Amino acid sequence: MKKDILIFCSWLDLYSNVGIFFREQAELISNQYNPILVIFKPKILTKKRFNFYDIIGVEEKKSKEGLLVLEVTYPHRDLLPNKINEYFKNLAIKYLKNFLSTKDIDVSFIHAQSLFDAGLWAFQYYRQFKTPYVITEHNQLSFFNVPSEKCNLVKKSLQNSVMNLVVSNDKIRQFVSNGLFFDFKNIGNLINNKFFYDAENSRNETVRLITIGAFSPVKDQITLLKALDIVDKKISNRIEFVWVGQNSWGNNQDENVNSFLNNFNFNNIDIILKPLLDRDEIATYLRTSHLFLFSSLSEGMPVSVLEALACGLPVFTSNCGGVDEIINDKNGVIYQIKDFLKLSNLILDFLNNELYYNGEEISKEIIDRFGEYAFRENLLSIYQSIN
């Protein structure tokens, strides 16, 4: 009989691609375990809605993959003392536990996906019911503007977990920079190679450069555009630049992006905007492109870079964190953040065939390391060590 495990998700939208890798990882181990995804959602207390017993509860949902998802709602208000908000959270944990009991779900352990706030919820569950848990950190870690009470909870969460996992060694440096000296295991990120793989002879006839990322200062798309502006003035043949996902963080950035692009006047580069695509569409655009460009200022192990490599694309990426663990002279180049001159020269060398890469070899190497089989075996070995 398969063991029941809870996957606490720090962010997850069942109706978009936000947090989709939580669902993919859960589906990956569903033959060996019974994974149940859990989302905690605060509901703001108001004068009209102050009876918190009407707010707190657990609702069953299903993901597109058929996984059980539990949405736990609980009352919260910033103006209330911290002890009262903590009381509400502890009450939400009890409601969740009672709900699981009514469904005959016997939780063996919890996998918390990122500290803020899944790791904190896992610790609260552990304090009440002694259920073991592991934490995987995906996100950027910083204690900037984080209240001291929450910082202390983070430390306790890490101290009491069975294992602390990270998606790259760069994450360990982020923990250390915040004074968190614990043992960490680098588990990497999952590539869903059902979608992301190299397809022979699928490249677009016109040379196509591509990037993926929400429009944001941290993604630093200005560096990409500055580099392309230089390239545009030095080429005679037309090429394409595809920007995928500028609205992927849930905000409509169309007006801001168009205003941003109006600062440039491209004559030989056709700019193609794809504000929001599903996984199939993203994979198709990657397989039909020739080169992936990435300019982020701070990451950890960018999934978009992994997926581009899986599709056989060479990658020119900023030194944003984690990429030094996957980029080598056979699959791309790392340049310093904001160095648009270096990036422009790299792109020109690529367009002039002075840099050559084998797409089939690029895809095989990265899938062997982070594809479904490798990731599942690694994750299962960790799960089996818990009980």
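1. At 0% relative accessibility, F292 counts as buried, where buried means under 20% relative accessible area, exposed over 50% and partly exposed in between, with a 1.4 Å probe and protein chains only. F294, at 3% relative accessibility, is buried as well.

2. This is a predicted model, in which local features need pLDDT of at least 70 and side-chain atom pairs count only at pLDDT 80 or more, while totals for chains, interfaces and linings use all residues. Residues are numbered from 1 along each chain as its sequence is written, and side-chain values use heavy atoms, with hydrogens and water left out.

3. Rings of Phe, Tyr and Trp (its six-membered ring) are paired if their centres lie within 6.5 Å, with planes under 30 degrees apart counted as stacked, over 60 as edge-to-face and the rest as tilted; by this rule there are 23 aromatic pairs. F292 and F294 form a stacked pair, at 6.1 Å centre to centre and with 25° between the planes. One aromatic cluster is formed by F8, F40, Y74, W121, Y125 and F129.

4. Two charges deserve a mention under the rule that NZ of Lys or CZ of Arg must be within 6 Å of the ring centre and within 35 degrees of the ring normal. K130 lies over the face of Y126, 4.9 Å from the ring centre, and the charged end of R287 sits over the ring of Y197, at 4.4 Å from its centre.

5. S289 is found in the loop between α8 (279-287) and β12 (291-294), the helices (H or I, at least four residues) and strands (E, at least two) being DSSP runs numbered from the N terminus. With a relative accessible area of 0%, S289 is buried. A polar atom of its side chain lies 2.6 Å from the backbone oxygen of Y285. Not counting residues up to four places away in sequence, S289 touches R203, R208, I210 and L313, a contact meaning heavy atoms within 4.5 Å.

6. The protein chain as a whole has 12 helices and 14 strands. Its radius of gyration is 22 Å, close to the 21 Å that the globule rule gives for 387 residues, so the chain is as compact as a globular protein of that length; the radius is taken over C-alpha atoms, and the rule is 2.2 Å times the number of residues to the power 0.38. Of the 387 residues, 54% count as buried.

Notes: Polar contact = N/O pair within 3.5 Å; in protein donor to acceptor, adjacent residues only side chain to side chain.
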